[in-house]
Amino acid sequence: MVMGAIQSNVAAGLPTALYSGVQPNPVWSNVAEGIKAYRDGGHDGVIAFGGGSSLDVGKSIAFMLAQTRPIWDFEDIGDYWMRATTEGIAPIVAVPTTAGTGSEVGRGAVITNEETHTKKIIFHPQFMPKVAILDPALTVGMSFAMTAGTGMDALSHCLEAYCAPGHHPMADGIAIEGVRLVKEWLPKALEDGANLEARAHMLAAAAMGATAFQKGLGAVHALSHPVGAIYNTHHGLTNGVILPYVLNYNRSEIETKIVRLASYIGLPHPSFSEFLGWIIVLQAITKTPHTLRELGVEEHRLEEMALMAEIDPPAAGNPVPVKVKELLSIYRHAYSGALQ
């Protein structure tokens, strides 16, 4: 796919080179190497092609070309984004080949700080690609596991955005339709990876999740980020493991919303319990582990990760306030599988 795109560009008189040094849960050195490749080649724009990690690195390369400060100075905290120099940020074209992060329509990127082993959400409005090309044919090659993990990522984005406090009816509407698309089409994409209709709807759900979460995220992401940073787990898969435990923790504040959502997506007896039950069924369909222990997380690191999760920006958007004590409790439930 990538080589075909390069050949098409060259044939059209657009000299194009490839940088592919991107790892899952990308780190700063991936971005730095990409910046060097960009400058060495004398390029004038970035085509970010691939999954969420590749898109985040491509966007970060384009953004950091113009900066003199470290990338961590633009973490998604307050008005840190206003520190950025905007002149010289390269234009971005995003071409997703997975259907999960929605990074192709997002104003941020998640990069791991290799020194502190923490994931950081880097934000600026000009992270938003100028053009996003969503072609379901490019996602047909995803494995069952990748389809499942990215699908759970799209779901967690839509669901956390919908549950986030605050008034944003447009984000809520986009989010609930994204959840419905996941419910209807993720099992079909898993059953038949060549189903272009299912692939197209999942691409839409992913983009909708990233559009909706401008409203906010919550403890699912705050708890998932430390796990991914330390254990290099797939982000969407990790979200899928943690999701039911955070839903249960937030029940007092989100039950009415979840009942409405359960009705919208067509559950026969709309209730919080039925919705939570559907999430558990979806875990089974996607072969998502039910516990953090199954991901290889070590119990003795839960307290360390809870401290990391408390300062992760999405924690502030959780419907029920969370500090270290509450986050550690959710981790322990997710570790043992005690959904109560």
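How do the residues of the lining of the second largest cavity divide into nonpolar, polar and charged? They divide into five nonpolar, three polar and one charged. Here Ala, Val, Leu, Ile, Met, Phe, Trp, Tyr, Cys and Pro count as nonpolar, Asp, Glu, Lys and Arg as charged, and the others, Gly among them, as polar.

A quick note on the model: it is predicted, so local features need pLDDT of at least 70 and side-chain atom pairs pLDDT 80 or more, while totals for chains, interfaces and linings use all residues. Residues are numbered from 1 along each chain as its sequence is written, and side-chain values use heavy atoms, leaving out hydrogens and water.

**The cavities**

A cavity is a set of points on a 1 Å grid over the protein atoms alone where a 1.4 Å probe fits but cannot get out, and lining residues have an atom within 4 Å of a point. A volume is the space filled by probe spheres set on the points. The count comes to two cavities of 30 Å³ or more.

| Cavity | Volume |
|---|---|
| Largest cavity | about 80 Å³ |
| Second largest cavity | about 40 Å³ |

Fifteen residues line the largest cavity, and the closest to its centre are Leu159, Glu160, Cys163, Val246 and Asn250. Its lining has 10 nonpolar, four polar and one charged residue. Around the second largest cavity you will find, among others, Ala99, Met142, Thr147 and Arg199. Helix 4 gives the most to that lining, with three residues; helices are DSSP runs (H or I, at least four residues), numbered from the N terminus.

Methods: On a 1 Å grid over the protein atoms alone, a cavity is a set of points where a 1.4 Å probe fits but cannot get out, and a pocket is an open set with protein on both sides within 12 Å along at least five of seven lines; lining residues have an atom within 4 Å of a point. Helices (H or I, at least four residues) and strands (E, at least two) are DSSP runs, numbered from the N terminus.
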